[in-house]
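Please look at the model below and keep it in view while reading this short report on a ligand and its surroundings.

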Amino acid sequence: MNEESQKRGQLVVLASAVTKSYQMGSEFITPLKAVDLQVQRGEFLALSGSSGSGKTTFLNLIGGIDIPSSGEIKVDGVPLQRLKSDQLARFRAEKIGFIFQTFNLIPTLSALENVEYPLVLLRMKPSERRALAMEALARVGLEKFVKHRPPQMSGGQRQRVAIARAMVKNPPLVLADEPTANLDARTACEILDLMAKLNRELGTTFVFSTHDARILERASRIFKVGEVA
Amino acid sequence: MRLKIAIRNVFRNKRRTALSIAMIAGGVSAMLVFNGFALSVLINLGTKTIQTQTGHLQIATNVYWDKSADRPKDTLIAGAKQLQKELHKHPKIAFASGRLSFFGLLTAGDRTLSARGVSFEPQVEGDLGASFKFIEGRGFTKDELYHVALGSGLATRLHAKSGDSLTLLSHTYDGVVNAIDVTVTGIFQVGIAEFDDNNFLIPLSAAQTLLDTDNIEQMIIRLHNTSDTEEVRGEIQARLRGGATVKPWTEVAVLYQQITKFNEVQNRIMAFIILSLILLGILNTIGMSVFERTGEIGTVAALGENSRTILWQFLLEGGVLGLLGAISGMVLGTILIVVINWLEIKVMMPGASTDIIIKIGFFFRAFLDAGFLAVASAIVASFIPSWRASQMNIAEALRRNI
Ligand SMILES: Nc1ncnc2c1ncn2[C@@H]1O[C@H](COP(=O)(O)OP(=O)(O)O)[C@@H](O)[C@H]1O
Ligand SMILES: [Mg+2]
């Protein structure tokens, strides 16, 4: 481990007293109330909770997609509350890999182009990013599907492409919001195996949400969202 | 990559794209046909004006131009022959010809009409066949003196035909009434009703005899190329002694000026209507596209696109759409112009004395303008929906993925 990351410490996520509330007409919904969470580098952490408990909301806050109503979040040493929207975009581009329940691939782009996309945002040269994207696709076992477009692929394959897209820039943190909820049981298992393998082999920190008990078993630690303290 | 994404997105919804491309293409081609027609008419009118009335350049005394002379004879240019000789040495000048114009009474049998006589010099201009269209008879030969050629409207009203003998009555610059007998050599038709109804042509020396002068009112200069007008004007003006000014035809031709102005206004209105159509079409297309792709916008924002690059991406799509529309419009416009020219449609233009066959020209400038307008308005129209896309709440946009 290099000096820089040692300075930042072993904490990838440090969330303290994070609260998020939404106004619905005259009423307030507060899915997250003063939540504290610390994630160590290399963890394979599951956020559990029933539907509507605030898992997506929490992941959005950690990933710099949304801002908390109060509280502080530091990711890889970066205090998110100090960033403006452009800086948040840059933070996401550099530090976060996202995996979604609905895969969210760009339908007009091929598998390879989808994986290249995050590298375009990092202004990488075409030849370099192509090589990295090929490598990432190979790591998820899709080297034969380079030219396929998302509509021509199965759910499991699409989620593999999405995992390659999240991993291609080798981010310190990958956030996965119910990555297996739209997949059948067997494929869900395979996807989780793949994520666990990447976590083990590359040391990438994963935080994923799920409400599936079988998936929870695989986590190195479980954090319950929406539990009354 | 961004351009690739833009192009693929444009072709994502084929029907909608086809519709908006058709809309832009329709606008662009309409503009090309319309402008091509208007410009052709204008160039045609300009050529006719130069050939039959103004030449490219006109030299006259300042008192003639500003109409400040006490006596008509003070407006005349003396020493015209010497001036003409000098002008003929210039390589870009086709010829210089003296003009006198005057009002006179033409009598044919028991009919008498007032008409405007314009002098020509068959010695330098030839028989006028190159400039005037004769529907009967011909212009003048070099040594015909007491002859006239009548405008078609004037000839009709006089019941005169070529070979007829007329009496031409006017008064000299000293105010003495004078008359000569003239023979009609032919009947011409310029195509401008006002001109054909009121004018007759007469050799300069006959006019000078009638008006009792050796001088001329204007020196008309014809160039080999219209595009040399400004350059030659400058050279001549520099050599003219004070008291005389040379003016380009565009300054003198009133009808041409009026029609040019009218065309400009008309073009602007036309462009405005077409632009509005393009604006609405693109606004709708890109607006729908942004709406449908809300989830996708959320995704790319999550991946790290900032609002500026999202804005650019959608503007680029609008631009691609505009460009495709512009290109299709140019192709369509070209086809339309070729077909319309081939059909040889006849129309009566305002102020014309005969039908003309519609002839639409291709003008590089018109293509450039129409293309630029289409692309620019497409981008402008994309701005509103693109802005909306760039300002979306990412978390909410992401929830739209299903
Ligand atoms: N933009 C929003 N406006 C209002 N309420 C919201 C918004 N987003 C989420 N919520 C509410 O916050 C709660 C948590 O939602 P979410 O984080 O999506 O839960 P989960 O992902 O665990 O299913 C829900 O009650 C949901 O209705
Ligand atoms: Mg959720």
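## The shell around ligand 1

The residues of the shell around ligand 1 comprise three nonpolar, seven polar and three charged ones, where Ala, Val, Leu, Ile, Met, Phe, Trp, Tyr, Cys and Pro count as nonpolar, Asp, Glu, Lys and Arg as charged, and the others, Gly among them, as polar. Ligand 1 lies between chains A and B, and of the 13 residues around ligand 1 (a heavy atom within 4 Å), those that come nearest are Gly52(A), Lys55(A), Thr56(A), Thr57(A) and Arg399(B).

Helix 2 of chain A gives the most to this shell, with three residues; helices (H or I, at least four residues) and strands (E, at least two) are DSSP runs, numbered from the N terminus.

## Contacts with oxygen atoms

An oxygen atom of ligand 1 is 2.7 Å from a polar backbone atom of Gly52(A), and a polar backbone atom of Ser53(A) is 3.2 Å from an oxygen atom of ligand 1. From chain B, a polar side-chain atom of Arg399(B) lies 2.8 Å from an oxygen atom of ligand 1.

## Confidence and conventions

This is a predicted model, in which local features need pLDDT of at least 70, side-chain atom pairs count only at pLDDT 80 or more, and totals for chains, interfaces and linings use all residues. Residues are numbered from 1 along each chain as its sequence is written, chains are lettered from A and ligands numbered from 1 in the order in which they are written, and side-chain values use heavy atoms, with hydrogens and water left out.

Chain B averages a pLDDT (the predictor's confidence in each residue, from 0 to 100) of 90, and the predictor gives the complex an ipTM of 0.94 and a pTM of 0.79.

Note on methods: A polar contact is a pair of N or O atoms within 3.5 Å; within protein, one must be able to donate a hydrogen and the other to accept it, and residues adjacent in sequence count only if both atoms are side-chain atoms.
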